[in-house]
Each structure stands twice: as structure tokens, then as C-alpha cells.
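Please look over the sequence and the model shown below before reading on. The report describes how some of the secondary-structure elements are arranged and where they touch.

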Amino acid sequence: MRTLPPDGLPRPIRDRIERAVGAKLEVVGRFPATSSTVLAVRTGSGRDLVVRLFTNTAWLEAEPDLAVHEAAALQLVAGAPVPTPEVVALVEGGTGDVPAVVTTRLPGAAYLPDRPQEGWLRTLAEVAVAIAAVPTGRFPWTYDPWIASEPQVPDRGSALWARAVDVASGAEAVGPVVLLHRDHHPMNLLFGGGRLTGVVDWVNACVGPAAVDVAHCRINLAAMYGREVADRFRDLWCGLTGLRYDPVWDVVTLVGTLPIRPYPPWAAAGLAVGVSEMRVRLERVLAVGLDALGA
């Protein structure tokens, strides 16, 4: 990760953003994040904004257009039937600069219930459906399963994971091709006053099979709460769309998430899940999926 000054905002980036918004900035907070640095800032006039700095050098080397990608995605979904941030400024980077996207700050915060209820799960399913309904136009980014050339399978139970790797490597991307958030999970949804107030983190948005967003959210739910909750979310999506969910997406997504490790923002939101507990939950989903596929 790129080293930042104490307030998190490098002077060259601050200067460029202040020129773009026409106001001085004050850093007032930092949001939990693992792949970038996300700051809450306030202008001298009291306007609240969010600055996302792409400080993960390895990710940036692999995808140097990250800031452009997220800005384009946000512009594409500006008219979507879900609340999304508006792009205020784009810093594409350059010599010594960190790429950044500046957006409006939406109200609310991520909400992780102790016991997920129907309404919360239905909102997660409705968001996936709403995003898939956005016309993709000529959006150039396409689906990548994120499977490493040599997935880091767990030591114990490796036979199960070896079967999974075989299935995932031969899986074909089939199904309706739609716009994907591509990182659809509860921590990227904001709630306030009991309602959805925002869908954030659009840097991975792409065009691909509709089931991809369902699978990604489903596997997160399985890791967080167990297979029953993940199944309830899947069934709600199927009911909303009339589509069948192919369990091959469970296998592809699980292999793409290796190695198994907790997501630190879960703990920040009050949900602590250990690696051992995650593994048991995810392997239950994997075993059921492989059996359903006859693999």
C-alpha cells in the first residue's frame, strides 16, 4: 500500500481536488476498506464528500485505469433505481500522484444484523436485480472470475477443493449478460432509517452473467451467517427474476475467493467471524454445489 500523510490526503492530490471543487478540504474521517483508502472530507462550505485513493500498488499495476473505471461506472448507473454517489472529480494520477475519485457522500452506513431477516435479504436481492436492469451501453469492462493461476486451497479437505478447482476451470460464463456491480455484498450497501440509502464501491463494475452478483453476495452471506441465510437470499433473487440459479456459480465464486480469510470491515461493523468458522460454512456450500453438479 502507498504510504500516506497523517490525514491520509497527499498534498498534490489535495491541491488538484480543491481546484476541481473550488473549495478547501478538511479530512473528517476514514471508512473501513482493504483495497484502497477511503476518506470522508468536508469543504469549507460544509459540503460532505468522499475521496477514494487507489493506494494498493499491486492492484494499480495490474489495473492502472482503476479511477477511470470507477468514475465511468458511477456515471453509467447515475440513473439507476438505486441510490449511488455522484462523481465530483477524477484524478487520473501521474508521476508521484495517487489516482482518486471524489464523489458525493450518501447518508447511512453499512448494516450487518445479528440475525438477517427477510426484509434485509430482499433488499440485497432487489439491488442485484436493479443493477442488472441498467443498460450497459458500450461499457468496456467485462467479467473476470478472479481465479488465480494456482488457487491457494486449504490444506485439510484439499480433495474437496481439488474437485472445485477442476469444475471452476472448466466452467463457461453462460446466462443473461447484464451490468454487474461485481462486488455486491452487504458492506457495499448503506442503510439509514430502516431503508437503503446507497450502493457504493463501483470500481469492479463490469458486464457479465447475471448470476455473478448473486453468487458473490451469496458466498459472502454464507461466510458471515451460514448456508441457510445464503440460500434464502438466492431464493429471493430467483423469485424476483424467475431465473434458475446454477450452483456452478457457487463453485466458481468460492475458488475465486481463495484463500479463505475474514474481511476486516465485518468486525468494524460488529460481526466477528473467524477463519475456521468461515471455512466450515463455505465448505458446506461447496459440497452441496458439487453434489448438485454431479462433480
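What follows takes up the sheet and its helices, and then the packing of helix against helix.

This is a predicted model, in which local features need pLDDT of at least 70 and side-chain atom pairs count only at pLDDT 80 or more, while totals for chains, interfaces and linings use all residues. Residues are numbered from 1 along each chain as its sequence is written, and side-chain values use heavy atoms, with hydrogens and water left out. Helices (H or I, at least four residues) and strands (E, at least two) are DSSP runs, numbered from the N terminus.

Five strands form an open sheet in the order 1-2-3-5-4, with antiparallel pairing; two strands pair if DSSP finds at least two bridges between them. Strand 1 (25–31) and strand 4 (87–91) stand at the edges with a single partner strand each, so one side of each is left without a neighbour in the sheet. From one strand to the next, the twist averages 25 degrees. Strand 3 (residues 48–53) and strand 5 (residues 100–104) are paired in the antiparallel sense over five bridges, and Val50 has Thr103 in strand 5 as its bridge partner.

Helix 1 (residues 11–21) packs on the sheet and touches strand 1, strand 3, strand 4 and strand 5, its direction making about 115 degrees with that of strand 1. Helix 3 (residues 66–76) also packs on the sheet, touching strand 3, strand 4 and strand 5, and its direction makes about 160 degrees with that of strand 4.

**Helix against helix**

Two packed helices are described by the angle between their axes and the distance between the axes. Axes are lines fitted to C-alpha atoms, for helices over the stretch in contact, and angles run from 0 to 180 degrees between N-to-C directions.

| Helix pair | Angle | Axes |
|---|---|---|
| Helix 6 (residues 211–225) and helix 10 (residues 275–293) | about 135 degrees | 7 Å apart |
| Helix 6 and helix 7 (residues 227–241) | roughly 155 degrees | within 7 Å |

Helix 6 is therefore roughly antiparallel to helix 7, a term for angles over 145 degrees, with under 35 counted as roughly parallel, 65 to 115 as roughly perpendicular and the rest as oblique. The contact (heavy atoms within 4.5 Å) joins residues of helix 6, including Val214, Cys217 and Leu221, to residues of helix 7, including Phe233 and Trp237.

Helix 6 and helix 10 are oblique to each other. Here Arg218, Ile219, Ala222, Ala223, Met224 and Tyr225 in helix 6 meet Met278, Arg281, Leu282 and Val285 in helix 10.
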